[in-house]
Amino acid sequence: MTLGLTHFLVLSTLLFCLGLFAMLTRRNAVAILMGVELMLNAANINLVAFNKYVAPGALNGQVFALVVITLAACEAGVGLALVMSAYRNLETVHVDEINVMKW
Amino acid sequence: MGQLAAFIILSVVTLVSAVVVVASQNIVRSALSLIPTLLGIAGVYILLQAEYVAGIQVLIYAGAITVLILFVIMLTEHGTGARFRQVNEQVLPGTIAVAVLAALLMAVFFGTAWPRAAGTLPQYTATSIGTTFLTSAILVFIVTSFVLLVALMGAIVIARRER
Amino acid sequence: MPLPIEDLWAVSPEIWLAGLGLLLLVLDLFVPSGRKAIVGWAAAAGLTLGLVPILGLVGVTPRTVFFGTYVVDGFAIFFKIVAVASTVLVILSAMDVLRGQTQFEGEMYILLTFTALGLSLMAGSADLIMVVLSIEFVSLCSYVMAGYFKADRRGNEAGLKYFLFGAGASAVMIYGFSILYGLTGQTSLYAIASALSGAPRPAVVVALVMALAGIGFKVSMVPFHQWTPDVYEGAPTPVAAFLSVASKAAGFAVLLRLLAVAFASAPVDWITLIAGLSAVTMTVGNLLALPQRNIKRMLAYSSISHAGFLLMGVAAYAGEFAQGLLYYILAYAFTNLGAFFVAVTVGQRLGTDDIPAYAGLGERAPALAWLMALFMLSLTGIPPTAGFVGKFYIFGAAVQNGLIWLAAIGVVNSVIALYYYVGVIRAMFLMPPASAGPVGQPAALQLALGITGLGTLAAGLFPQPFVTLVSAASLLLRF
């Protein structure tokens, strides 16, 4: 058995689902953000793997992955700033305690 | 064979530490095990002949983003956050939903005949990526710089205190 | 391969907006705090001038530029006009709100200008990478603007919730796009279109559903709508107006381009899927709007239900018929911006967003009350307002394309919506005022209100010029 596309897809599926699990179950906003990062990484594994096995002629997949990494950095910056500003006022980062407004 | 062995080791490192990230009751431990997860993924990129992406992954993800996350945890959770309950009441339904989704995705991925192509990637991808960014992806490159600008501006505006 | 110089002309509106944003950043440095309204007026003037290069592109031959990553066609131009014009109006309405509320007043105008750039890019993206990038561009700006008032606890909550929902939704969307890339080996929507026709069905369905999660979040489609009421209530009211009109319109531009181009010949029946989502979205939004007492929450749920009507336009987009959708967006933009601007005025002057506070507004501020009544009637879809013509066209398009059941559900929903829209009118004219005294309005807000009111009436009374405009704009480059 040699290393093939399917191996990478299995890895990315598991990683995506772990990230989604963190999004669904975590109370801490930062932990939810970590879950989002795992999901983005899963997408990146897909993109780079497909680039090698499906479309090796151009580097679109790797370029896409680099853009996603950049966007993840932007999201982390803005998101953590929002967490900090919420923490100053509400004194918590647990999303189930943050409900000034009713759902 | 050697490649497969390397892949299995990297996957185990990645997935085990990813499980710690999502399941640990200690938020600092979660954030710290993000580092081996992201480094394992960087190794996977090297297996996929994407050494430039792997380098960026180490620098930005494992380096910058993780440190940023750790800082915010230190500032908001009184140190370790070990005193707080970290999960909500949706653990059981969440587990079931995610397991179903994983099974579904796997079934779809295994059942799909991906349009494999025979060609090979360039020996070193860094130069080709640079060329792509400055030719066919030039608009992407320019817009990315504007996204970075607004993210920078937005983060400063939100993080600074009002006088 | 060198870049053809005509490609730069094709993006002249974007170049103008980007340059304007950078100029305003520098200008903001030299304007003393307390007089930041100068930056706002400069932004509004610059954006209005930005309409010139956009209008200069009207009638351009539809084509892709920048090596197939971007497209100029009548469709994109229409959405650029909507984006820039509504940004101007939002800036005018924001000036009074921002003054004294935050020391970062100038930065808000700059962020709005850059968001207009992001919205224009969304309208013209023809490549998966560009789609992701432009959606994230707009999202990042929106997260910041939603949480802009840092001293306000509801503002903190709005910003954080919007961010967490948005980041999750876009991660799912990116994963879906990665599957789409794997199925075709291409990132250009036009190249994907031809490669997708023979692709295996289950994987295409998974990719489509995941992509819909991200875009559905931006347009607040059920079941990705939960953030909408909290964010609209907690965010500064002008920002809520902006999110409900400009972001939503651009989201529909991306959605329609993705479906009508990339999924045109895919082995998946997206028309039925979107029609079903449309029925669910308009019904859920309407039913949840009924018990609301806060005007911003009510408008939030009403905007969810309008997303359902717009999805009907997407489902009915067959052949060369985008007119229903485009006219509805035009009418909705005027009307909903206007309704939010009235909410801005009342919120500023009376310090509350509760609908009972509107009691007696007919005596205290007759002009404002009559305008609000006009907007409420237009949102319901009663003639002679823009909303009526919009609904007429969108139902017509649905019936024409064999979606009679969907049009019937739409009619029923319009009748339900009458209840909560008329509730506002009843409060304004039939209930006694809680306190006497007129309600003042600042000049910039009066201008914004006047334009939206005039637009709502004109598009309702004289639809013909608007129909001509919309038909010219409905040309979407497909291949």
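How many residues of chain C are in contact with chain B, and how many residues of chain B are in contact with chain C? Let's look at this and two other close-ups of a predicted model.

**View 1. Chain C meets chain B.** Here 33 residues of chain C are in contact with 26 residues of chain B. On the chain C side, the elements giving two or more residues are α5 (105–124), α6 (128–146) and α9 (201–218). Of these, α6(C) gives the most, with nine residues. Sorting the residues on this side of chain C by type, you get 23 nonpolar, seven polar and three charged.

**View 2. A helix of chain A packs with a helix of chain B.** Two packed helices are described by the angle between their axes and the distance between the axes. For helix α1 (residues 5–25) of chain A and helix α4 (residues 91–111) of chain B, the angle is about 160 degrees and the axes are 9 Å apart. Because angles over 145 degrees count as roughly antiparallel, α1(A) is roughly antiparallel to α4(B). The crossing of α1(A) past α4(B) is right-handed. The contact of α1(A) with α4(B) has 15 nonpolar residues, five polar and no charged.

**View 3. Chain B and its two domains.** Chain B is divided into domain 1 (1–85) and domain 2 (124–163). The C-alpha centres of these two domains of chain B lie 23 Å apart.

Conventions
Residues are numbered from 1 along each chain as its sequence is written. Chains are lettered from A and ligands numbered from 1 in the order in which they are written. This is a predicted model: local features need pLDDT of at least 70, side-chain atom pairs count only at pLDDT 80 or more; totals for chains, interfaces and linings use all residues. Axes are lines fitted to C-alpha atoms, for helices over the stretch in contact, and angles run from 0 to 180 degrees between N-to-C directions. Helices (H or I, at least four residues) and strands (E, at least two) are DSSP runs, numbered from the N terminus. Angles under 35 degrees count as roughly parallel, over 145 as roughly antiparallel, 65 to 115 as roughly perpendicular and the rest as oblique. A crossing is left-handed if the near helix is turned anticlockwise from the far one by less than a right angle, and right-handed if clockwise. Ala, Val, Leu, Ile, Met, Phe, Trp, Tyr, Cys and Pro count as nonpolar, Asp, Glu, Lys and Arg as charged, and the others, Gly among them, as polar. Two residues are in contact if their C-beta atoms, placed from the backbone, lie within 7 Å. Domain bounds come from an automatic or database domain assignment.
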